[in-house]
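Me: I am new to this structure. Please show me how to read its features, one by one.

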Amino acid sequence: MISSNVKMAIIGAGTWGKNHAQIYNAHPFAETVAICDANLSKAQAVAQELGIPQVYQDYHEMLEKSGCDAVAIVTPDYLHAEMTIACARAKKAVLIEKPLATTREDVQRMVNAIEENGVRVMVDFHNRWSPPFNAAYTAVRAGELGELYSGYFRLNDIKWVATDLLPWAAQSSILWFLGSHSLDTLRWIFGSEVERVYCVSRSGVLEGLGVDTVDEYLTTLEFKNGAIAHMENGWITPNANPCVNDIKCNLLGTKGMIAIDASNHNLIQKYTDEKVEVPDVIVQNHIFGQPKGFAFESIRGFVDGLYTGKDFPLTLYDAANTSLTILAIMESARARVPVEVSGLYEV
């Protein structure tokens with residue numbers, strides 16, 4: 001528990017790093033004291049706009065000098081490991097944008113450093129704060145569906161995400177960018193780890209657009225408790241799709257079913273002579289200038305946990321197991337054979 005305002009520092013001054021700063025500054029018990037980016041001018045611009053007092057280009061210097069209590073790591077996924085280990089050794093709490101890490105070795109090194117230094121860590125799997133998915137979780141836990149038997153989760157992005165939004169898309173994968181959200185949500189709702197995976201993938205569309213990455217993955221998950229689920233993740237949905245994300249989920253139990261369509265919420269549509277829009281009023285929107293929406297609520301939840309001393313809604317080992325399972329999915333997609341998931345942590 002932290003008895004005064006939580007002093008937050010941020011590594012990464014991109015769009016999402018700026019969102020972090022706005023959320024901390026709007027929180028009654030937090031403040032953004034420093035921001036760091038390898039591109040110093042980007043960090044300076046965000047600091048000037050949002051009144052952040054300290055700006056750094058080297059996160060090691062920031063950890064030493066800023067006086068922060070906690071650090072938000074808002075960088076491309078393959079850069080998380082060294083930054084997290086440095087924060088742990090500096091005895092700083094850490095909020096890591098998903099996923100935890102993208103290699104088995106990095107997962108192990110990060111877990112070891114965090115355990116050795118006794119710091120609090122949360123990975124930002126914000127679907128746990130999503131109203132429809134949280135409602136589904138609550139219904140399942142209350143036994144309303146009976147035994148949860150099978151499921152289907154589709155979480156896709158439009159092409160623009162890979163071609164324009166993420167300059168590092170070719171160095172990552174849709175499995176890390178969206179599949180990690182899908183898998184964390186399914187593990188959470190089903191209340192079980194994945195025992196075996198079988199995945200097939202397809203490439204070509206994004207390669208033709210100059211981005212060397214897999215277009216889509218279709219995965220079958222076998223859970224240890226006997227449940228089965230299908231998971232679809234791709235980033236080749238047409239750009240004209242009214243929502244950046246295409247999100248569908250079905251959960252079938254022995255006594256009931258839940259169907260979720262989170263991409264077409266039908267709460268508001270805008271029509272002009274040029275286009276049709278479905279404004280985001282659920283995931284990340286602003287009300288009276290304040291950041292709202294469940295993707296922002298998860299970040300606020302990290303501060304709440306630090307301030308009150310209460311447990312986060314997911315553990316370090318949840319995040320580690322999600323990364324390890326995705327690595328098995330990637331192995332299956334390459335080999336076109338089922339793969340047993342190994343090395344999972346006790347949650």
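Reply: Start with burial: buried means under 20% relative accessible area, exposed over 50%, and partly exposed in between, with a 1.4 Å probe and protein chains only. At 17% relative accessibility, W168 therefore counts as buried. Y78 is partly exposed, with a relative accessible area of 27%. This is a predicted model: local features need pLDDT of at least 70, side-chain atom pairs count only at pLDDT 80 or more, and totals for chains, interfaces and linings use all residues. Residues are numbered from 1 along each chain as its sequence is written, and side-chain values use heavy atoms, with hydrogens and water left out.

Me: How many aromatic pairs does the structure hold?

Reply: A pair of aromatic rings is described by the distance of the centres and the angle of the planes. Rings of Phe, Tyr and Trp (its six-membered ring) pair if their centres lie within 6.5 Å; planes under 30 degrees apart count as stacked, over 60 as edge-to-face and the rest as tilted. The structure holds 10 such pairs. Take Y78 and W168: their ring centres are 6.4 Å apart and their planes at 75°, so this pair is edge-to-face. Y78 sits in the loop between β4 (70–73) and α4, W168 in the loop between α7 (159–165) and α8 (174–190), so the pair ties together parts 90 residues apart in sequence. Helices (H or I, at least four residues) and strands (E, at least two) are DSSP runs, numbered from the N terminus. Y78, W168, F177 and W235 form one aromatic cluster.

Me: Are the rings of F302 and F312 stacked or edge-to-face?

Reply: Stacked: the centres are 5.4 Å apart and the planes at 25°. F302 belongs to helix α10 (residues 294–308), and F312 to the loop between α10 and α11 (316–335). F302 is buried, with a relative accessible area of 0%. F312 also counts as buried, at 11%.

Me: Which strands form the open sheet?

Reply: Strands of a sheet pair through backbone hydrogen bonds, either parallel or antiparallel. Two strands pair if DSSP finds at least two bridges between them. Here 7 strands form an open sheet in the order β12-β11-β7-β10-β9-β8-β17, with mixed pairing. The edge strands, β12 (257–261) and β17 (339–340), each pair on one side only.

Me: What joins β7 to β11 and β10?

Reply: Bridges. 9 of them join β7 to strand β11 (residues 245–253), and these two run antiparallel. D157 stands opposite N245 in β11. Another 5 bridges join β7 to strand β10 (residues 228–234), this time parallel. G151 has A229 as its bridge partner in β10. In β7 (residues 148–157), 7 of the 10 residues are buried, so the strand is largely enclosed by the rest of the structure.

Me: How are α4 and α5 packed?

Reply: Two packed helices are described by the angle between their axes and the distance between the axes. Axes are lines fitted to C-alpha atoms, for helices over the stretch in contact, and angles run from 0 to 180 degrees between N-to-C directions. Helix α4 (residues 80–89) and helix α5 (residues 104–117) pack at about 10°, with axes 9 Å apart. That makes α4 roughly parallel to α5. Angles under 35 degrees count as roughly parallel, over 145 as roughly antiparallel, 65 to 115 as roughly perpendicular and the rest as oblique. Contact means heavy atoms within 4.5 Å. Among the contact residues are I85 of α4 and M110 of α5.
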